[in-house]
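Please read the following note with the model open beside it. The points are meant to be taken in order.

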Amino acid sequence: MTAVDDTPRTERQADGPVLEATGVTMRFGGLTAVNNVGMTVRQGEILGLIGPNGAGKTTFFNCLTGLYKPTEGRVRLLGNDLPPKPRAVVMAGMARTFQNIRLFGNMTALENVMVGRYCRTSSMALTSILRGPKFRREERETRARAQELLDFVGLGKSTEHLARNMPYGDQRRLEIARALATDPKLLLLDEPTAGMNPRETQQASDLIFRIRDSGLAVVVIEHDMRFIFNLCDRVLCLVNGEVLVEGTPNEVQSDPRVIEAYIGSAADDEEGDE
Ligand SMILES: Nc1ncnc2c1ncn2[C@@H]1O[C@H](COP(=O)(O)OP(=O)(O)O)[C@@H](O)[C@H]1O
Ligand SMILES: [Mg+2]
């Protein structure tokens with residue numbers, strides 16, 4: 001099976017980049033968290049976004065996904081300008097997961113994925129009240145699709161588990177399934193392996209490859225260098241809100257500026273430790 005349906009979207013550009021962000025700047029009062037960042041994501045690509053803590057990675061994701069309205073800059077998805085509103089961004093074909101997992105803890109795994117699906121079905125307001133045949137058909141399809149996605153991420157046996165009782169690694173995969181339920185063309189993952197053991201990290205890698213193979217482009221924020229360099233076609237290193245280095249994993253991992261940025265920040269972290 002595939003993680004996306006094949007319905008062609010009229011607005012889709014066949015060979016242009018999936019995402020084109022130019023000159024994205026985000027200021028909070030006097031602090032410039034993201035400064036003039038550009039990023040292009042091509043079809044079928046896995047792009048890594050690395051950089052020390054506080055570099056602006058999550059803030060940049062928030063600018064792309066409409067959680068923040070960037071102070072300056074432009075974000076285009078499949079050739080269209082994106083309105084800085086989370087729902088509009090999801091509808092346009094971009095989905096994400098969060099550094100701090102955001103699931104509905106008291107809902108089952110299946111229900112969490114079904115929630116992601118509702119943005120693609122019509123039966124929200126009136127039909128759900130009237131519970132007509134159309135509602136029942138859509139409900140069945142939504143359920144089947146959600147189950148398919150749980151199988152795809154390896155949670156096929158956890159369908160009825162409450163999200164809050166699931167192991168941490170499973171919650172991360174569940175969040176990915178929910179994001180996939182919105183039929184994205186581009187998936188943004190914010191530290192998908194944080195808190196995972198090596199086996200779960202390997203599974204996450206395999207899952208991201210399968211997502212890419214099913215036709216999505218993926219951008220991954222991650223601290224685990226081995227994970228990033230094995231996974232990604234290209235890597236961007238962000239430091240102090242700016243792109244320090246961009247290149248292939250080989251280019252980036254041997255760049256003295258990247259090493260310096262990480263060693264510098266590791267020393268800062270140690271000083272800051274209580
Ligand atoms: N909503 C906000 N208001 C003020 N400052 C923020 C806000 N969000 C992030 N920042 C600041 O922006 C900088 C970048 O943070 P963040 O994007 O979370 O970094 P990263 O994800 O790379 O660790 C940090 O200095 C952080 O404190
Ligand atoms: Mg972050």
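1. **Basis of the note.** This is a predicted model, in which local features need pLDDT of at least 70, side-chain atom pairs count only at pLDDT 80 or more, and totals for chains, interfaces and linings use all residues. Residues are numbered from 1 along each chain as its sequence is written, while chains are lettered from A and ligands numbered from 1 in the order in which they are written.

2. **Shell of ligand 1.** Phe28, Leu31, Ala33, Gly51, Asn53, Gly54, Ala55, Gly56, Lys57, Thr58 and Thr59 surround ligand 1; a residue is near a molecule if its C-beta atom, placed from the backbone, lies within 6 Å of it. By class, four are nonpolar, six polar and one charged (Ala, Val, Leu, Ile, Met, Phe, Trp, Tyr, Cys and Pro count as nonpolar, Asp, Glu, Lys and Arg as charged, and the others, Gly among them, as polar).

3. **Elements of the shell.** At least two shell residues come from each of β2 (31-41) and α1 (57-64), and α1 gives the most, with three. Helices (H or I, at least four residues) and strands (E, at least two) are DSSP runs, numbered from the N terminus.

4. **Helix α6.** The 13 residues of α6 (168-180) reach 19 Å from first C-alpha to last, close to the expected 18 Å (1.5 Å times one less than the number of residues). Because 10 of these 13 residues are buried, α6 is largely enclosed by the rest of the structure. A residue is buried if 20 or more other C-beta atoms, placed from the backbone, lie within 10 Å of its own, exposed if 12 or fewer, and partly exposed in between. The buried residues of α6 pack against β6 (94-96), α3 (109-117), α5 (133-152), β7 (186-190) and α7 (198-213).

5. **Contact of α3 with α6.** Ala109, Asn112, Val113, Val115 and Gly116 in α3 meet Leu174, Ala177, Arg178 and Ala179 in α6 (contact: C-beta atoms, placed from the backbone, within 7 Å). This contact has six nonpolar, two polar and one charged residues.

6. **Asn112.** Leaving aside neighbours within four places in sequence, Asn112 is in contact with Leu103, Phe104, Met107, Ala163, Leu174 and Arg178. Asn112 and Leu162 are 50 residues apart in sequence, with their C-alpha atoms 9.3 Å apart in space.

Methods
Two residues are in contact if their C-beta atoms, placed from the backbone, lie within 7 Å.
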